[in-house]
Amino acid sequence: NSVYHFQVARYNSDGSLDNSFGINGAVNTEISFISEATCIAIQPDGKIVVAGTYHTGDFANIYHAAIVRYKTNGDLDSSFGTNGIVTAELDFSESVSDVMLQSDGKIVIGGGVATISQIAVKQFMLARYTASGTLDNTFGTNGVARATITAYSEIKDIALQADGKIVAGGQQGTPSPIGFPDDINFAIARFDAQGILDPNFGNGGTVVTNVAIATSDVISAIALQADGKILAAGNWLDTVAMVRYHADGTLDQSFGTNGKAVHNGYPTPLKMITAADGKIITTSTVPYDIEDGGDFVTTRYLANGSIDNSFGTNGAITTNLGGTRTDFAYNLFLQPDGKLIVGGSSNDGAAMVRYSIDGGTSTGDIDVAGLQFTTYPNPFSSGIFVNWKGSKKQMKVHLQLFNSIGRREHAAIVILQPGKNQLQLPVLASGNYILTITDEQGKTSNNKITKN
């Protein structure tokens, strides 16, 4: 007899609730008697897109996709859908795990879809909406793209490549309440910008990986590296499994053992990000026990998939939020200044922890490897240049561009020449960005730039 609504809360940078947002820092949105927000994205104009599911009330476990867009103050955006809300029955039932924004303002959600004729069968599902909230009929079939890998397939995480292709990470198998020892495997699919499976990736656009024999391989997160490689992470209970793929879907033999890195005794990652230096950071909960409580766990791995023992204790930081509370870590976010935020819940309330790792990074004029360079013009309208005052003939750097809330908009390996260098950036909305540059020794700095 419980009632659930979407809830969005905004915090100041010191962790206090932002009272200028919604009511006392939070806003609740009722879609049906049971509606759950599962993912969030921030547009360049500051509007907030939240996706999840709602219950129609017709059947016991039938849920459909829902998207809500809010203005920067927390009010519903009436220019989106119907009074800020989009509810679409894409098939008999849907799940929604992730949402992302394209540079043209379109919104993509990823999850799973089931048909009424095959209730027990679930497919990979992507749906794309226009900026006004209507299904984009240029994508897939009537705005929805599907992929059937096995009897039960579901997307858990999605990512957008620089060329517009969409990488979807999930799992496939035949789960049973009795349970089979090896019934679920990692599954990756890549779709082109029109929602069609990419024949140049894996086997007709999909790749299935049996990571650990005689166990269920449950994927939880994917990440794209600047070099085009794809990372997938997950597994079950006290085992971490990570797999790295080349851009064509083949296993990267330089990662772990034959492309797979498995670590026993470490909690299963629920979310994963890659840092500018190539290291991998995950968040987890240990022990995952709803009765006895748990703690936030953040783990860092080297770029080759091995544990980074210079981080925390044996590669991990464990945080108890107090007493025997039930603490669950669900997400993590790397700020442009290098600080790390882990978010989740504690005793059924929202909880966040912020860590300072490796001393953070500096801001202002960039000084990489002791060599000065500046960006101009700033603000810029179309093109932007880097002037490098280097004594070498050239320098290779890893360039990343983040928007004002830390979402990565661009990544590339760039060769700088002494003097004037023009940066090739994607089409950007007006606003502030952080330009991050990392040299070959791993030194990183940031510079604030503004697009008119």
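Mentor: Gladly! A polar contact is a pair of N or O atoms within 3.5 Å; within protein, one must be able to donate a hydrogen and the other to accept it, and residues adjacent in sequence count only if both atoms are side-chain atoms. This is a predicted model, where local features need pLDDT of at least 70, side-chain atom pairs count only at pLDDT 80 or more, and totals for chains, interfaces and linings use all residues. Residues are numbered from 1 along each chain as its sequence is written, and side-chain values use heavy atoms, leaving out hydrogens and water.

Trainee: What makes the link between the side chains of Gln161 and Arg190 a polar contact?

Mentor: Their distance is 3.3 Å, and the limit is 3.5 Å.

Trainee: Why is Gln161 called buried?

Mentor: Buried means under 20% relative accessible area (1.4 Å probe, protein chains only), with exposed over 50% and partly exposed in between. Gln161 has 14%, so the residue counts as buried.

Trainee: Where does Gln161 sit?

Mentor: In the loop between strand E11 (152–160) and strand E12 (166–173); strands are DSSP runs of at least two residues, numbered from the N terminus.

Trainee: How do you know that E11 and E12 pair?

Mentor: Pairing needs at least two bridges found by DSSP, and these strands have 8, in the antiparallel sense. Leu160 stands opposite Ile166 in E12. The two strands form a hairpin with 5 residues between them, and Gly164 in the turn has a positive phi of about 90°.

Methods:
Helices (H or I, at least four residues) and strands (E, at least two) are DSSP runs, numbered from the N terminus.
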